[in-house]
Amino acid sequence: MGRRARGRRLQQQQQQRPTRAENGAEGGGERQGAGWEGGYPEIVKENKLFEHYYQELKIVPEGEWDLFMEALREPLPATLRITGYKSHAKEILHCLKNKYFKELEDLEVDGQKVEVPQPLSWYPEELAWHTNLSRKILRKSPQLEKFHQFLVSETESGNISRQEAVSMIPPLLLNAHPHHKILDMCAAPGSKTTQLIEMLHADMNVPFPEGFVIANDVDNKRCYLLVHQAKRLSSPCIMVVNHDASSIPRLKIDVNGRKEILFYDRILCDVPCSGDGTMRKNIDVWKKWTTLNSLQLHGLQLRIATRGAEQLVEGGRMVYSTCSLNPVEDEAVIASLLEKSEGALELADVSSELPGLKWMPGITHWKVMTKDGQWFTEWEDVPHSRHTQIRPTMFPPKDPGKLQAMHLERCLRILPHHQNTGGFFVAVLVKKFSMPWNKRPPKGELVEPREPVRSSPAHPTEGAAADPAELESKPISGMDDTDITERPENVENSGSKKDGVCGPPPSKKMKLFGFKEDPFVFIPEDDPLFPPIQKFYALDPSFPKMNLLTRTTEGKKRQLYMVSKELRNVLVNNSERMKVINTGIKVWCRNNSGEEFDCAFRLAQEGIYTLYPFINSRIITVSIEDVKILLTQENPFFRKLSSETYSQAKDLAKGSIVLKYEPDPTKPDTLQCPIVLCGWRGKASIRTFVPKNERLHYLRMMGLEVLAEKKKEGTVLAQEGAGSSGPPEDEESAEHGAEPAAGADASTGTSAHAASGPSDPAPAEAALPR
């Protein structure tokens, strides 16, 4: 386009603008009526094919169709969940109900009355709430600023999770306990994974539960989102891995000196789906919905569910879930899996497990429709030309007796209009005995490897459909599945692998796109690095030092991480099979000038609740007033603290300390949960090393105003970053709210705050270390 043409177009546009504005003013806001917002036309929430399809399938009870469609067109209410395993959960709930929710009473925003959040009736102990406040209103309304900051800060601290209501159901139905080995097959972004971690830590007095969660996702980038979610809960029992769920390797563990296959007690199989249950928040689905999405995903969903069933222990429980209402992705997958299992699997009756939850039973008859509206009632009706798109497993079983024995009515379908939620489908499967194709006599527990570890499949990535014929044909035959299963089993690590070094992940044998991870290196028993740490903190003889690991094989070890002994077992025995993205919590960080002190490593707040039960020295018990001073002042002098605190600190050598607050039951108005903080004993002062959001959390629980803290960043945030005041110059972003776990960049040892700490100088006496 020439310069003159551009000039003419610009002139025309300028002439048209006033006309549009006038029309909008005169015609009752034509611009708004046309649905313009931010320059983009609003998506029309209609899809005739969608309505035709689901009316024909009769998944909605008679007389409720209009309510169903009306609910789908309404925005989804915001929901939040208080993390249930932390001892602080009750305090947060108390704070929410008695402070923030009360402030929302009788409040109006843009002429709309704000409804006070209500608890989800079916979620235990009032730990999940929903509200009509949209994210947009929360962010932009000055009246809600405090509440919004509270949500953001507590979410970052891991005390609150903003999660869709129906998404909370699968982990609850999984009924996991602290001793269970759990696999989350398609885990990203991680909200369900965090629920599972909470269940492991039901008893906060047990630092290392016997169970663990292995959270998997096929998408390398989404794995890091998963790491971020899981890391907020600071658990030594979580491992994030990166595999295609439909061929996730079978792992081995050491049981009394023998290598045995790892079977999981609980498996969460929340598969990729077309997502038509999410229309209330993903409005693009209205425009893009077609039955083709379901037809393409069915094969992948069935393969993932089959792989999960193979790895489930006898007597174990697997939950299959989708955020789709389509029987092709729901009952068809379950029916096909039950048929393949030949009685090995059965649907559990969970109708009484979540009292208060409204749901519809699974359906037993359905038809299959192509994207252009053609219906098929059974496989025999499908023309040969359609066989690549429509598969026999998409139809209900023909045999009425077999169909009845499956009890498909035990599946749960959640409809949006029943409890103002999204749409969802859940089925709970229990394994009675081995899958039929796994019953062949073993070929010997450990044999010579006949070929290298199977590389990641080239085709299906979760959520993306490959050729449906390929997707479907392979999982149906048990023999192929068995071969896939056995190849990893028969491969043993070669003896040349360094003892205790797990990784780096097998980049040659198992090439997956993404970042190259650092290795996981367990600290040898005779490592000279550990005795000074043990002596300085008077660690209990029961401390599991074998579970300490680092992320480097060369040079100084800058951070030490901790895993449970069960996860150590998994790591050591499967480094050639797994691509591990992240595991372990940081428990110690190296001081740059640590050699000046008796110990080169200081405590890290991330792992303090795990480490604390083993520490017998350098613990200072502090009062509630001391905690307030320590969290709001930079390096307070001893004289500002109570005499009891001073008497405990005065004889301690300089260096890292533990600050412990014990609640006083005789003073119910004060904070009633214990607090453990990492600190530093300087020459004449004490400071804390606590991430910003965790610091604000504790202050909030003690009734201090958070907004004031935010505005005075010199007060609160200065404690996070002052590079000149902290022990090491490179005390990485770890203690400052952006701490890397034992993950991708954890080994770099760089500080996000070394150059960006507050400019206010700390008192000379408080400069650390001295």
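1. A salt bridge is defined here as a side-chain nitrogen of Lys or Arg within 4 Å of a carboxyl oxygen of Asp or Glu. Asp527 forms such a bridge with Lys557, with the closest N and O atoms 3.7 Å apart. Asp527 lies in the loop between strand 23 (520–522) and helix 18 (530–536), and Lys557 in the loop between strand 24 (548–550) and strand 25 (559–562), so the pair ties together parts that are 30 residues apart in sequence. Helices (H or I, at least four residues) and strands (E, at least two) are DSSP runs, numbered from the N terminus.

2. The model is predicted: local features need pLDDT of at least 70, side-chain atom pairs count only at pLDDT 80 or more, and totals for chains, interfaces and linings use all residues. Residues are numbered from 1 along each chain as its sequence is written, and side-chain values use heavy atoms, with hydrogens and water left out.

3. The structure holds 23 salt bridges. One of them joins Arg317 to Glu353, with the closest N and O atoms 3.1 Å apart. Arg317 is buried at 12% relative accessibility, whereas Glu353 is partly exposed at 33%. Buried means under 20% relative accessible area, exposed over 50%, and partly exposed in between (1.4 Å probe, protein chains only).

4. Arg386 forms a salt bridge with Asp372, the N and O atoms at closest being 3.4 Å apart. Arg386 counts as buried at 18% relative accessibility; Asp372, at 54%, counts as exposed.

5. Helix 13 (residues 331–341) is largely enclosed by the rest of the structure, because 10 of its 11 residues are buried. Just after helix 13, Glu342 adopts a positive phi of about 55 degrees.
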